[in-house]
Amino acid sequence: MIGAAALAHLELASSPHPCISLDAGTLQIAENPDHADFRVSFTDDPALASVRVALADSAETADFAVVDDAAEAEDGACSVSRATRFVAISGDSRRGAAVIYLTRDGPADFRIFVDSRRFSVREAAALVVGAHRAEPHLAEVSL
């Protein structure tokens, strides 16, 4: 689905929830799932998945990487504005929601690498899938 492309700019901002900065605004994990623009759920059954996300062994082999190595976050890099979109991680797969299968091997729509105290693997996968839905034309990640 997407080769070596990745997502817009990754910002490790001092946001209350994991977020990324996109060309058209920001995408943040929703605090309240009822107010989310996008919903994702996770499955352990690859046959039920609509999106496969592989866990890469290194940042170099990933489409999207989250590494907590920035000395300081940019002020307001992921602040909430009108352009902010929210993605919720749901326990059930609602109609139209992306159903994510995390894998270590096999074919995948996205490859992610996460070495973070602030982002879980599931949060990173939710943001990648949500960003793809929010912005179909993806730019390269800037770490």
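The questions below go through the fold, the sheet, the core, some single residues and the confidence.

Me: How many helices and strands does the chain have?
Reply: The chain has 1 helix and 8 strands. Read from the N terminus, the order of elements is β-β-β-β-β-β-β-β-α.

Me: And in what order do the strands sit in the sheet?
Reply: The order is β1-β2-β6-β3-β7-β4-β8-β5. The sheet is open, and its pairing is mixed.

Me: Which strands stand at the edges?
Reply: β1 and β5 do. Each has a single partner strand, so one side of each has no neighbour in the sheet. From one strand to the next, the twist averages 25°.

Me: In what sense do β1 and β2 pair?
Reply: They pair in the antiparallel sense, over 4 bridges. In that part of the sheet, S21 stands opposite T26 in β2.

Me: What sits in the loop between β1 and β2?
Reply: A24 lies there.

Me: Is A24 buried or exposed?
Reply: A24 is exposed, because its relative accessibility is 57% and the cut-off for exposed is over 50%. The C-alpha atoms of A24 and R85 are 9.5 Å apart, while the two residues are 61 residues apart along the chain.

Me: Back to the sheet. In what sense does β3 pair with β7?
Reply: β3 and β7 pair in the parallel sense, with 4 bridges. F42 stands opposite I100 in β7.

Me: And how many bridges join β4 to β7?
Reply: There are 4 bridges, and these two strands also run parallel. The bridge partner of V51 in β7 is I100.

Me: How many of the residues of β7 are buried?
Reply: 5 of its 6 residues are buried, so β7 is largely enclosed by the rest of the structure. For the chain of 143 residues, the buried part is 47%.

Me: Which residues touch the most other members of the largest nonpolar core?
Reply: L27, V40, V53, I112 and V129 do, in a core of 25 residues. Among the elements that give two or more residues to this core are β3 (38-43), β4 (51-55), β8 (110-115) and α1 (121-134).

Me: Which element gives the largest share?
Reply: α1 does, with 7 residues.

Me: Where is S90?
Reply: S90 is in the loop between β6 (85-89) and β7 (98-103).

Me: Is S90 buried or exposed?
Reply: S90 is buried, because its relative accessible area is 15% and buried means under 20%. Apart from neighbours within four places in sequence, S90 is in contact with V40, S41 and F42.

Me: Now D115. Where is that one found?
Reply: D115 is found in strand β8. It counts as partly exposed, because its relative accessibility is 48%, and that class lies between the 20% and 50% cut-offs.

Me: What does D115 touch?
Reply: Not counting residues up to four places away in sequence, D115 touches V66, V67 and D68. Its C-alpha atom is separated by 8.1 Å from that of A65, which is 50 residues away along the chain.

Me: What share of the contacts in the chain is between residues 24 or more positions apart?
Reply: The share is 84%, counted among contacts with a separation of 6 or more.

Me: How much area does the chain expose?
Reply: The chain exposes about 7,800 Å², of which carbon and sulfur atoms supply 46%.

Me: Change of topic. What pLDDT does the chain average?
Reply: The average is 78, and 73% of the residues score at least 70. By element, the lowest mean is 84, in β1, and the highest is 97, in β4.

Me: Where is the pLDDT below 50?
Reply: One such stretch is residues 1-15, which has 66 contacts in the model beyond near neighbours in sequence. Over residues 137-143 the pLDDT also stays under 50, and the model has 22 contacts there beyond four places in sequence.

Me: What should I do with the coordinates where pLDDT is low?
Reply: Where pLDDT is low, the predicted coordinates should not be read in detail.

Definitions and conventions. Residues numbered from 1 in each chain as written. Predicted model: local features only at pLDDT ≥ 70, side-chain atom pairs only at ≥ 80, totals over all residues. Heavy atoms only, no water. Buried < 20%, exposed > 50% of the residue type's maximum accessible area, 1.4 Å probe, protein only. Contact = heavy atoms within 4.5 Å. Core = buried A, V, L, I, M, F, W, Y, C linked by side-chain atoms within 4.5 Å. Pairing = 2+ DSSP bridges. Axes fitted to C-alpha atoms, helices over the stretch in contact; angles between N-to-C directions. Areas by Shrake-Rupley, 256 points an atom, 1.4 Å probe, with all protein chains shown as cover. pLDDT = per-residue confidence, 0-100.
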